[in-house]
Amino acid sequence: MQEIERKFLIKKPSTVLSLPSVHVIQGYLLYADDGTARVRIIDGKSAVLSIKKDITQLTRWEFEYDIPVKDARTMIEQCCNGKVVEKRRCFPVVGGKTWDVDIFLGKNLGLIIAEIELDSEDEVFDKPEWLGEEVTGDLRYYNAYLAKKPFQEQPNE
């Protein structure tokens, strides 16, 4: 399956901080320049193993498989070598599209990113007023990079 996604920083975080959210812990088993293998636990109740491979700057191959939470915990603890991201995720709906808004915790505290999945790379979508700068293609804002080089450890530009 292909995933087409755009990423943005949030300029008005108060509008999304109060929304209901799920707690996500995800660890990176493999990280390459053009793809990742990741394990994710959601609210401690479900877990997914994901393989992603870049096609273009906006589009990737994405394969996801449900796995037992116990296995996911073991993978994160034993196989991810500390390359873990923790966040809260909420799902505001704007213009009929559901956004994923990640409110990062731990060493990525202070970073809030909104993602939208599209049906095509040139799809037009409504941009909510809380949306800030687009960071699609900027590796510093990808979860796999944040797991290796947390936001709080990155130099300010």
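Which residues does Ile10 touch, not counting residues up to four places away in sequence?

Modeller: This is a predicted model, in which local features need pLDDT of at least 70 and side-chain atom pairs count only at pLDDT 80 or more, while totals for chains, interfaces and linings use all residues. Residues are numbered from 1 along each chain as its sequence is written, and side-chain values use heavy atoms, leaving out hydrogens and water.

Leaving aside residues up to four places away in sequence, Ile10 touches (heavy atoms within 4.5 Å) Val16, Val101, Ile112, Ile113, Ala114, Trp130 and Gly132. Ile10 also belongs to the largest nonpolar core, which has 17 residues. Such a core is a set of buried Ala, Val, Leu, Ile, Met, Phe, Trp, Tyr and Cys residues joined through side-chain atoms within 4.5 Å; buried means under 20% relative accessible area, exposed over 50% and partly exposed in between, with a 1.4 Å probe and protein chains only. Together with Ile10, the residues with the most contacts inside this core are Trp99, Val101, Ala114 and Trp130. Two or more core residues come from each of β1 (2–10), β8 (97–104) and β9 (112–118), where strands are DSSP runs of E with at least two residues, numbered from the N terminus. The most, four residues, are given by β9. A second, separate core has eleven residues, including Val85, Ile113, Val135 and Ala144.

Gln26 lies in strand β2 (residues 21–32), and Gln26 counts as buried because its relative accessibility is 0%. Its side chain makes a polar contact of 2.7 Å with the side chain of Arg40, and another of 3.5 Å with that of Asn143. A polar contact is a pair of N or O atoms within 3.5 Å; within protein, one must be able to donate a hydrogen and the other to accept it, and residues adjacent in sequence count only if both atoms are side-chain atoms.

The strand β2 forms a hairpin with β3, with two residues between them. The two pair in the antiparallel sense over eight bridges, pairing requiring at least two bridges found by DSSP. Ile25 has Ile41 of β3 as its bridge partner, and Ile41 in turn has Ala47 of β4. Strand β3 (residues 35–42) is largely enclosed by the rest of the structure, because seven of its eight residues are buried. Between β3 and strand β4 (residues 46–54), the pairing is again antiparallel, over eight bridges. Their hairpin has three residues between the strands, and there Asp43 takes a positive phi near 55°.
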